[in-house]
Amino acid sequence: MPRSYTRPLTAAAALFAFVAPAFAQEVNLYSSRHYESDDALYAKFTEETGITVNRIEAKADELIARLEAEGDNSPADVLITVDVGVMDRAESAGVLQPFDSATIEERIPERFQSPDNLWFGLAQRARIIFYAKDRVENPPQTYEELADPKWDDTICIRSSSNIYNQSLLASVIEVHGEDVAKDWAAGVLENMARAPQGGDTDQLRGLVSGECDVAVSNHYYYVRGYAGQVDGLTEGVDDLAWVWPNQDGRGTHVNLTTAALTANAPNEENAMKFLEFLVSDTAQQMFASGNHEYPAVEGLSGAETTERLGDFKADGTTPTAAFSRNAAKAQAIFNQVGWD
Ligand code: FE
């Protein structure tokens, strides 16, 4: 089962990865994501450019700590994380540097780019509403409706400590202001079918088991449920349906898998070639399909499996950078209303 991160390479493997002849063309990637399709993608880059992609894979916070510890001696050139909020931590830690690329600027929608050219989005992950078809006739059509008392005791959603919900609330703060956002969080909490528990897959499992009628989850957890075997989900996946929230308004909240140039970047030129390669049509499609995500570049269709979900209008007005800017306010609101 693909995951957002993988075990770190063993020390020996890591050493081996970075002991290469001085003349070798390479780029050193620190990534919190690993899918088999990514391997094929990086091999394609090597084939086209002759530049080897060396990888260290670990959880994002471990990679950021490592970059901080390595400082000026860091061999890293590129950092990839699966959430803008996490990339913001890297930004605050000072382990990134601004890049200048007309290609990236042109290809990636502005709202998916850091205002300071410190990172950009590679793939979109939508946070959407799922529901049990046999129990819900008129599902909520917007995030705002999740706080409507008519959904009392029906909603499954994970804890507030998770970055996905922090970014969602941060976007609500950006759109409606803090007071309305606080009322919204209190309303959703009031409507929960159970105390927040587990990850996104567990919210979908709650629909299958009948514990809840409505659930909030990133879209790809659902796709995993029919693309492969996910216990507690796959057997009931056909009984679930989904809503792309806020289609008549600002659009659906999306987070991003992001890429950045690290502060030291001994192979900066190769790193920029690599980053620009990642925004090409082919790379975008391959990269997104690895986790059933949607490409960041507009006008490309998603992966085959994602096409089951169809196309949607992503929030085109709320800048992604607002998620990190409002992260602290979001956490404060969650704490105030008692959403664990
Ligand atoms: Fe995830």
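## Disulfide

A disulfide is a pair of cysteine sulfur atoms within 2.5 Å. By that criterion this predicted model holds one disulfide. The bond joins C156 to C212, with an S to S distance of 2.3 Å. The link of C156 and C212 is left-handed, with -105° about the S-S bond. Distant parts of the chain are linked by this pair: C156 belongs to strand β5 (residues 155-156), while C212 sits in the loop between α8 (200-209) and β6 (214-218), and 56 residues separate the two. Both C156 and C212 are buried.

## Domains and their interface

The domain assignment of the protein gives two segments to each domain: 11-123 and 255-306 form domain 1, and 127-252 and 316-337 form domain 2. Between the C-alpha centres of domain 1 and domain 2 the distance is 28 Å. Domain 1 brings 19 residues to the contact and domain 2 brings 17 residues.

The size of an interface is often given as the accessible area lost when the parts come together. For domain 1 and domain 2 the buried area is about 1,400 Å², and carbon and sulfur atoms give 62% of that area. Zero salt bridges are counted between domain 1 and domain 2, whereas four residue pairs are in polar contact there, both residues being at pLDDT 80 or more. On the side of domain 1 that touches domain 2, α4 (84-92) and β8 (254-261) each supply at least two residues. The element that gives the most to this side of domain 1 is α4, with five residues.

## Salt bridges

Side chains of opposite charge can pair when their charged atoms come close. Over the whole structure, 20 salt bridges are found. One of them pairs the side chains of R33 and D38, with 3.0 Å from N to O. R33 has 1% relative accessibility and therefore counts as buried; D38, also with 1%, counts as buried too. R33 and D38 belong to a network of salt bridges that also includes R125 and E293.

A second salt bridge is formed by R250 and E144, whose closest N and O atoms are 2.9 Å apart. R250 lies in the loop between β7 (240-243) and β8, and E144 in the loop between β4 (120-132) and β5, so this pair ties together parts that are 106 residues apart in sequence. R250 counts as buried because its relative accessibility is 16%, under the 20% cut-off. E144, at 26%, counts as partly exposed.

A further salt bridge is made by the side chains of K329 and E178, at 3.9 Å from N to O. This pair also links distant parts of the chain, with K329 in helix α13 (residues 327-337) and E178 in helix α7 (residues 178-191), 151 residues apart. K329 is partly exposed at 36% relative accessibility, and E178 is partly exposed at 40%.

## Surroundings of T320

T320 is found in the loop between β9 (294-295) and α12 (321-325). The relative accessible area of T320 is 2%, so this residue is buried. Residues up to four places away in sequence aside, T320 touches V84, R111, F112 and L256. A polar atom of the T320 side chain lies 2.7 Å from the backbone oxygen of R111.

How values were computed. Residues are numbered from 1 along each chain as its sequence is written. This is a predicted model: local features need pLDDT of at least 70, side-chain atom pairs count only at pLDDT 80 or more; totals for chains, interfaces and linings use all residues. Side-chain values use heavy atoms; hydrogens and water are left out. Helices (H or I, at least four residues) and strands (E, at least two) are DSSP runs, numbered from the N terminus. Buried means under 20% relative accessible area, exposed over 50%, partly exposed in between (1.4 Å probe, protein chains only). A polar contact is a pair of N or O atoms within 3.5 Å; within protein, one must be able to donate a hydrogen and the other to accept it, and residues adjacent in sequence count only if both atoms are side-chain atoms. Contact means heavy atoms within 4.5 Å. Domain bounds come from an automatic or database domain assignment. Buried area is the accessible area (1.4 Å probe) that two parts lose on being put together, summed over both. A salt bridge is a side-chain nitrogen of Lys or Arg within 4 Å of a carboxyl oxygen of Asp or Glu.
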